[in-house]
Amino acid sequence: MKIRYTIIFFLSTFLFSVEAQDHLSIQLDYANHLFNSSQYYDAITEYKRLQFFDSTITFSYEVNYKIGECYKAGAKYDDAIKYFSFTAANARSDDEYFDSKIQIIRTNILRRTTARALQLCNELEKDQRISGKSDQINYWRGWAFIFEDDWESAAKSFDKINSQHELKILAEQTEKAKVSVTFAKVISYILPGSGAIYSGKFLSGLMSLGWNLLAGYWTVNSFIEDRVFDGIVIAELVWLRFYRGAIQNAQTFAVEKNLEVANKSLRYLQNEYKGIKP
């Protein structure tokens, strides 16, 4: 009799375990369906409900990873990083650990904490557990540099993957199209208006040059005619005003030009680039 009861007990326990496992699998499928339908916050509720009933922590990695993805999709980046950190700390394999770390890097890129993303890329590159993943690390390092507006460094990162990589070419073209803010200011000190012309503002640059030449002529002519007071007034109130304005405008126009160039490339990445994005 004891043997019979023991067998019945173990069979009942096994069947209950199987039934519970099936229930959790169904719950996971439902939560995944909500996630795939872009109902992220409803999906989070169902994933957390599954966590509550998953006493054996069977689905811990999958659920935490999906919750992280939901928060990331909903722009709750701090929460996303928290859950991806859970999966990294409890990864069952090196691949799961790597995937979690990459998600943390991608989320840092999206929330513009690019210094942290680059730091994590460097740490991951030195991790003894990771091998053969350098292309993926360089890929996301390149994206971090893009969001940092460092297109030259981005091009170098993508070049390590492939010298003809689409993003390497885009980064090089973007860097080439940008202008030097420092150079624009320096040449404006030498020739007022030249910085604006260098930045593509031809009319503004020519007008600035014209006003400076005219104000300079009035100032010099006043001194030649011994109208010293007039010369000082014109120099202080007119000439220096246009001169300083030309330098300030050169810097402003150069910054605007670079922002326009960068935004054009970012729009391409957002709307036309078919590769994986952060």
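Mentor: With a definition: helices (H or I, at least four residues) and strands (E, at least two) are DSSP runs, numbered from the N terminus. This is a predicted model, where local features need pLDDT of at least 70 and side-chain atom pairs count only at pLDDT 80 or more, while totals for chains, interfaces and linings use all residues. Residues are numbered from 1 along each chain as its sequence is written, and side-chain values use heavy atoms, with hydrogens and water left out.

Trainee: OK, how many helices and strands does the protein have?
Mentor: The protein has 13 helices and zero strands.

Trainee: And what share of the residues is buried?
Mentor: Of the 278 residues, 38% are buried. Buried means under 20% relative accessible area, exposed over 50%, and partly exposed in between (1.4 Å probe, protein chains only).

Trainee: What's the volume of the largest pocket?
Mentor: About 200 Å³. On a 1 Å grid over the protein atoms alone, a pocket is an open set of points with protein on both sides within 12 Å along at least five of seven lines, a cavity is a set where a 1.4 Å probe fits but cannot get out, and lining residues have an atom within 4 Å of a point.

Trainee: Which residues line that pocket?
Mentor: Arg112, Trp143, Phe147, Leu266, Arg267, Leu269, Gln270 and Lys277. Helix 13 gives the largest share of this lining, four residues, and helix 7 (134–147) also supplies at least two. By type, the pocket lining has four nonpolar, one polar and three charged residues.

Trainee: Switching over, how many cavities of 30 Å³ or more are there?
Mentor: One. The largest cavity holds about 30 Å³ of space, and its lining includes Ser188, Gly193 and Phe253.

Trainee: Which helix supplies the largest share of that cavity's lining?
Mentor: Helix 13, with four residues. The cavity lining divides into four nonpolar, six polar and no charged residues. Here Ala, Val, Leu, Ile, Met, Phe, Trp, Tyr, Cys and Pro count as nonpolar, Asp, Glu, Lys and Arg as charged, and the others, Gly among them, as polar.

Trainee: Last topic: is isoleucine 190 buried or exposed?
Mentor: Isoleucine 190 is exposed, with a relative accessible area of 68%. Its place is in helix 10 (residues 181–190).

Conventions. Points joined across faces, edges and corners; volume = space filled by probe spheres on them.
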